[in-house]
Amino acid sequence: MLAAVPSAALLGVEGHPVSVEVHVASGLPSFTIVGSPDSTCREARDRVRAAVASSGAAWPMRRITVNLAPSGLRKGGASLDLAIAIGVLIADDQLELRTIDDSAFIGELGLDGTLRKVPGALPLVDALDTANVVVPPPSIIEAQLVGRHHIRSATNLRELLDALRGDAPWPDLDPANPSPEVLAVPDLAEVRGQASARKALEVAAAGGHNLLMIGPPGSGKTMLAQRLPGLLPDLESSQALQATRIHSAAGVDLPPGGLVRRPPFRAPHHGASSVAVIGGGAAILQPGEISLAHCGVLFLDEMGEFGIDVLDSLRTPLEEGVVRVARANARVAFPARFLLVGAMNPCPCGEALKPGVCRCSDAALVRYSRRLSSPLLDRFDLRVEVQAADPAQLLRGEPGEPTAAVAERVHRVREITLTRGVETNAVLTAKELDEVAPLSAEAAELLERALRAGTLSARGLRRVRTVALTLQDLDALPPPILDRSIRFAMNLRVEPRFLSRRMAG
Ligand SMILES: [Zn+2]
């Protein structure tokens, strides 16, 4: 007999409907899966057989063929296990077809029949148009976010079969997220002193400007970066859903309630692989850290230690807000629009190039500075030196202004920015700047002098203008852009000192 069970497979962050067709015929016992399964998907045989046996049903000792349609779509992972098990039992007449009427099934099966969480429950369920969808208990919240289906669940296959047959009621499972991530965002009040770095952080949040902090170890660069998401506004509903899809597809724990409402903060280690940071993978194409940071902050601590391939791969997403990753037979685009915060020591030894103290050779400095190609360096609108905090200020200084107060100013700037037809000042083009933020005569003169002197590059010009606009927005000072705003913006975009050593060496 033939059975067809609706399910779905994940490609990138999108789910695609899959019909799991199971044919059971007389003949020597065998089990074949066709229709572009990957190796994990092909191993469903062993998991499904053990799970069916554990559930009290019988494994048919006949010739079983499973076809995953459409065959052009590559099916990765174990999310089709449950649909295959249900299909086998229907095709073997152990379960009546009417019991799964208008229902789809998503889930991995443990050998003991447990329904296990699969990555991407949200996009998988979103791809289905059946009235009912059965998912593993840990995926209930994600599945419910779609809002179009009646979501059902059971802890194991035996419980599920009892409910489908009507022998027992559907289990009433607590939809609470089993591993709620505590989103304790640290407060800026805890940062004492560091006036210029705090200002740079506020400007970065208000205008969406990428920020590079250069300072010795222990100067608080990480502490500052961790407080940046707290300054950013809540995600809009479409952004929240998109960010949640990405987290879901990556199999990352979702916050309580399921929806990613606050800007994410991702801080991959410099030893992380290119696949982990950028995305991709051999078996399933999965989003990387830069996509998990979508609509939030990507923090690269010790930026000079990251692989050159990783740093170079950031350039396109920084420009376009998406990253394209490919595997032999699939190519997907992951959203990756993030605020980039980099932190670097002033030199490899961390002694800030201090004469007599810095142990770095010229060759080491040249190697270090080459890590940061000028096109990447150019994408930082803000480049500030962070000094080691003054011990007296740490002990006796006043607490800094709290996050809530700074976030209020950031919020006001974002509202002004929306009237310009963009989300952040950082993305304004030169032409748009001429329209919405014309320069005063003195400001134009100042910029011209800097361009002539070579202290400002043609590429840097637009960036300095956008930062100056954000500075005036923060002070509620409407355009034209004044020369003092330009001067301030240029002071927030210093040339890293190791670069001048590169020129010398
Ligand atoms: Zn050094």
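Which helix holds His-247? His-247 is found in helix 9, residues 237–249. Helices (H or I, at least four residues) and strands (E, at least two) are DSSP runs, numbered from the N terminus.

This is a predicted model: local features need pLDDT of at least 70, side-chain atom pairs count only at pLDDT 80 or more, and totals for chains, interfaces and linings use all residues. Residues are numbered from 1 along each chain as its sequence is written, and side-chain values use heavy atoms, with hydrogens and water left out.

Stay with His-247. Its relative accessibility is 6%, so His-247 counts as buried. Buried means under 20% relative accessible area, exposed over 50%, and partly exposed in between (1.4 Å probe, protein chains only). His-247 is in contact with Val-252, Leu-254, Val-260, Pro-264 and Leu-292, leaving aside neighbours within four places in sequence. Contact means heavy atoms within 4.5 Å.

Five strands form an open sheet with parallel pairing, in the order 11-14-17-10-18. Two strands pair if DSSP finds at least two bridges between them. Strand 11 (265–266) and strand 18 (382–385) are the edge strands, and each pairs on one side only. Strand 10 (residues 211–214) runs parallel to strand 17 (residues 339–344), and four bridges join them. Leu-212 has Gly-342 as its bridge partner in strand 17. Helix 7 packs on this sheet and touches strand 10, strand 17 and strand 18. The direction of helix 7 makes about 165° with that of strand 18.

Helix 7 (residues 195–207) also packs with helix 20 (residues 458–474), at an angle of about 100° and with axes 10 Å apart. Axes are lines fitted to C-alpha atoms, for helices over the stretch in contact, and angles run from 0 to 180 degrees between N-to-C directions. Helix 7 is therefore roughly perpendicular to helix 20, a label for angles of 65 to 115 degrees. Helix 7 brings Lys-199, Glu-202, Val-203, Ala-206 and Gly-207 to the contact; helix 20 brings Val-467, Thr-470, Leu-471 and Leu-474.

Helix 19 (residues 441–453) and helix 21 (residues 483–491) make another pair, with an angle of about 35° and axes 7 Å apart. Among the residues in this contact are Leu-446 and Leu-447 of helix 19 and Ile-486 and Met-490 of helix 21.

Next, the interior. In soluble globular proteins, nonpolar side chains tend to be buried together. The largest nonpolar core here has 57 residues, and Ile-290, Met-303, Leu-314 and Phe-338 have the most contacts inside it. Such a core is a set of buried Ala, Val, Leu, Ile, Met, Phe, Trp, Tyr and Cys residues joined through side-chain atoms within 4.5 Å. Not counting residues up to four places away in sequence, Met-303 touches several residues, including Leu-212, Gly-342 and Leu-372. A second, separate core of 46 residues includes Leu-224, Val-386, Leu-474 and Leu-492. Leu-372 sits in the loop between helix 14 (362–371) and helix 15 (374–378). Leu-372 is buried because its relative accessible area is 1%.

Finally, the backbone. Most residues other than glycine have a negative phi, and most peptide bonds are trans. A cis bond joins Ala-69 and Pro-70, with omega about 0°. Another cis bond joins Pro-479 and Pro-480, with omega about 15°. Pro-480 is in the loop between helix 20 and helix 21. Ala-476 lies in the loop between helix 20 and helix 21, and its phi is positive, near 55°. Ala-476 is exposed, with a relative accessible area of 64%.

Technical notes. Parallel < 35°, antiparallel > 145°, perpendicular 65-115°, else oblique.
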